[in-house]
Amino acid sequence: MRSIYNLVLIFSVTLTCVFAALANENGTFGDESFAIHPKAGLVGNYYSSDFKSFQGTVDCGVFTNGKGLGWDAGLFFEKDFKGDFQIGLGASLINRSGISSVQNTYQSRDQSTGRTTFVTLENKLDTRISYLEFSPEFRYVLVDNLINGPFRFMTGIRFGIPVEKKFEQSESVVSPENATFINQGGIRTTTRPMASGTIENMSMQVGISAGIENMLKIGGGHFFTQQIVFDYNFNNIVSDAEWKTYAVRLDLGLRFSLQNSSLPVVVPEPEIKPEPEPEPVTKIVKEESKPLPYLKFSTSVKTDTKLETGNEILATLPLVNSIFFPKNSSDIPAYYVRTLQPNLDMYHGDAVAYHKSILPVIAKIIKENPNSRIMLEGATSGNQIEPKGLELSKARIESVKSALIELGVPSSSIAYRALAAPRYPSNQQYPEGIEENQRVDIRITDAPLQKYVNVIKFSEIKGIAELDIDYGNYPPNTKAMVSVNNQKMIYDKPGKYTVPFNKRIELDTKEFAVISNVNVEREEYSDKKIIKIDSLKQEVVDLSLENFEAVLRFNFNNSDLTEENQALLKQLISKLPDGSTILIIGSTDILGTAEHNQQLASDRARKTENFIKNHAGTRINIQTTTNIDKFSDDTPQGRFLNRSIKIRVK
């Protein structure tokens with residue numbers, strides 16, 4: 001702790017010296033003596049912890065995190081150094097309360113049936129703590145006038161003295177729904193108190209803050225301020241547990257500027273000046289005009305441009321067969337489209353974006369397979385988060401069922417099952433897992449969810465464009481921005497350049513345009529060359545493998561190949577030529593530890609490799625790797641797609 005205090009002292013002295021050295025005569029806030037700055041706002045508190053109990057609490061498992069919403073109010077004094085730097089000192093009362101929880105599962109006996117079952121309990125620690133915090137701060141003006149005033153960066157050191165220090169600990173039933181506690185007198189409840197009291201061993205807090213501040217001028221040198229600040233504390237909240245806090249604060253304030261009094265103005269006596277001497281005649285020399293900038297540009301296409309046609313093996317984009325809902329809602333989000341796009345490409349594009357078409361794609365599968373059936377499985381994230389439970393699950397099912405019927409799916413083809421949690425639930429210890437469990441899974445029988453591997457005819461132009469770019473009389477280091485069929489390049493000097501281009505075209509296309517553009521200092525020229533398809537040299541490819549990529553999804557935290565995945569792999573094996581080399585990429589989502597995810601990704605790749613070897617023998621060469629070229633983990637559909645293996649042909 002002493003080393004932290006020494007570091008803080010050195011940091012403060014150094015900043016003070018720097019500001020004094022950088023101060024200049026022209027200040028952002030005029031001739032200001034100092035400023036008074038009261039402010040208040042909301043505090044989003046977050047806990048990072050690793051303890052089972054501390055003084056007065058009950059050991060019911062390891063608390064690892066927590067969060068809560070608090071408030072703050074403070075008064076600051078600020079000194080401007082007539083430049084872009086200001087130093088402040090203030091005191092704030094900050095509420096850093098929050099709730100930590102941990103779930104535990106125990107074996108228990110159902111008193112009504114006598115059967116053994118598992119009961120999940122949530123242990124909740126509600127801490128009400130606040131500090132009187134003193135903070136030396138400095139601010140730096142990033143923009144002198146952003147909207148109607150300065151925009152500043154701010155940082156500082158905080159010292160907090162505990163003021164409020166209470167806690168309450170309780171335990172509640174998570175599942176099953178009919179489980180209860182039996183209290184004294186035979187009273188049954190789903191929640192019971194565990195402990196409460198005062199936290200006697202709270203530590204003084206030492207931390208840092210950093211944030212940004214926007215200032216709106218309200219007249220008289222005064223400002224209305226808005227701040228976003230991040231706080232981090234170095235030491236633990238209590239002396240007998242690993243428990244730190246950090247926070248995001250949103251503050252509003254008024255900055256009152258106190259200006260120095262103006263000095264009296266001394267009016268000098270008028271000075272009698274002698275008559276000016278006549279100015280000498282100046283000879284006017286005509287300045288030579290500068291040459292005007294110029295830009296010349298032309299495009300040609302090399303004669304060895306060719307048309308490549310033939311067959312290629314492609315896999316359909318993977319389809320995440322779930323509709324995800326907002327918390328406590330049964331309305332299908334507007335993200336999902338209700339009509340099948342006529343140009344929807346099942347083989348190329350973004351698989352995450354493809355998910356928004358799941359409803360019309362499912363309707364198309366049922367139309368093409370009249371004997372197929374749909375099972376809708378509605379689910380929630382549990383009664384603690386979505387209290388309506390099965391009622392909400394059924395409402396979500398009805399929304400999806402109505403949308404499918406509107407798309408032409410017969411009502412008789414749709415069955416449903418309402419569940420409190422999905423058949424394959426995601427881990428609700430993570431916010432992402434909670435978001436994923438609020439869904440309806442769409443399962444199809446007697447029809448494939450994806451066609452997977454197909455041999456497709458293609459037609460592609462491969463050529464080289466030759467660019468002749470000449471420009472001059474522009475400022476030094478002027479660059480030319482060039483595009484050829486939307487492929488963009490930047491060149492830093494005039495010259496002749498070659499740009500290769502590839503373009504897929506329809507099989508019956510008669511002509512093709514190579515469109516090029518050049519832009520130099522906002523002066524732009526375009527050129528267009530029309531290529532007659534029948535004039536090109538043609539090459540026929542028996543079977544192209546260079547664009548092949550197949551994705552097979554797995555259930556959450558699972559590496560077993562489903563029957564559907566096994567059938568799709570057999571499709572792939574039957575269509576790959578002998579001697580092909582494939583790369584299997586095992587992948588996981590972001591949830592869980594890095595070590596566990598790496599092992600899970602390896603298991604998925606290994607089991608896929610073993611299955612292919614068992615059915616293809618040695619005629620296909622196999623390489624494996626993990627967790628490369630992943631989808632974005634920012635959405636549920638992206639995380640579902642990352643629970644997969646990708647197969648590429650090398």
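## Lining of the largest cavity

Strand 5 gives the largest share of the lining of the largest cavity, three residues, where strands (E, at least two residues) and helices (H or I, at least four) are DSSP runs numbered from the N terminus. The model is a predicted one, in which local features need pLDDT of at least 70 and side-chain atom pairs count only at pLDDT 80 or more, while totals for chains, interfaces and linings use all residues. Residues are numbered from 1 along each chain as its sequence is written, and side-chain values use heavy atoms, with hydrogens and water left out.

The lining consists of Lys39, Phe76, Ser92, Ile94, Glu133, Ser135, Glu137, Arg158 and Arg249, and the elements that give two or more residues to it are strand 3 (85-95) and strand 5 (116-143). A cavity is a set of points on a 1 Å grid over the protein atoms alone where a 1.4 Å probe fits but cannot get out, and lining residues have an atom within 4 Å of a point. The volume of the largest cavity is about 60 Å³, and a search of the whole structure finds one cavity of 30 Å³ or more; a volume here is the space filled by probe spheres set on the points, which are joined across faces, edges and corners.

## Nonpolar cores

The largest nonpolar core has 34 residues, and those with the most contacts inside it are Ile323, Ile362, Ile374, Leu376, Val400 and Leu404. Such a core is a set of buried Ala, Val, Leu, Ile, Met, Phe, Trp, Tyr and Cys residues joined through side-chain atoms within 4.5 Å, buried meaning under 20% relative accessible area with a 1.4 Å probe and protein chains only. Its largest share, seven residues, comes from helix 3.

Leaving aside neighbours within four places in sequence, valine 400 is in contact (heavy atoms within 4.5 Å) with Ile323, Phe325, Ile332, Leu359, Leu376, Val440 and Ile442. A second, separate core of 26 residues includes Tyr452, Val453, Leu568 and Ala605.

Four strands form an open sheet of mixed pairing in the order 26-29-27-28, two strands being paired if DSSP finds at least two bridges between them. Strand 26 (549-553) and strand 28 (621-626) stand at the edges with a single partner strand each, so one side of each is left without a neighbour in the sheet.

Strand 26 and strand 29 (residues 644-649) run antiparallel and are joined by five bridges, with glutamate 549 standing opposite arginine 648 in strand 29.

Notes. Buried means under 20% relative accessible area, exposed over 50%, partly exposed in between (1.4 Å probe, protein chains only). On a 1 Å grid over the protein atoms alone, a cavity is a set of points where a 1.4 Å probe fits but cannot get out, and a pocket is an open set with protein on both sides within 12 Å along at least five of seven lines; lining residues have an atom within 4 Å of a point.
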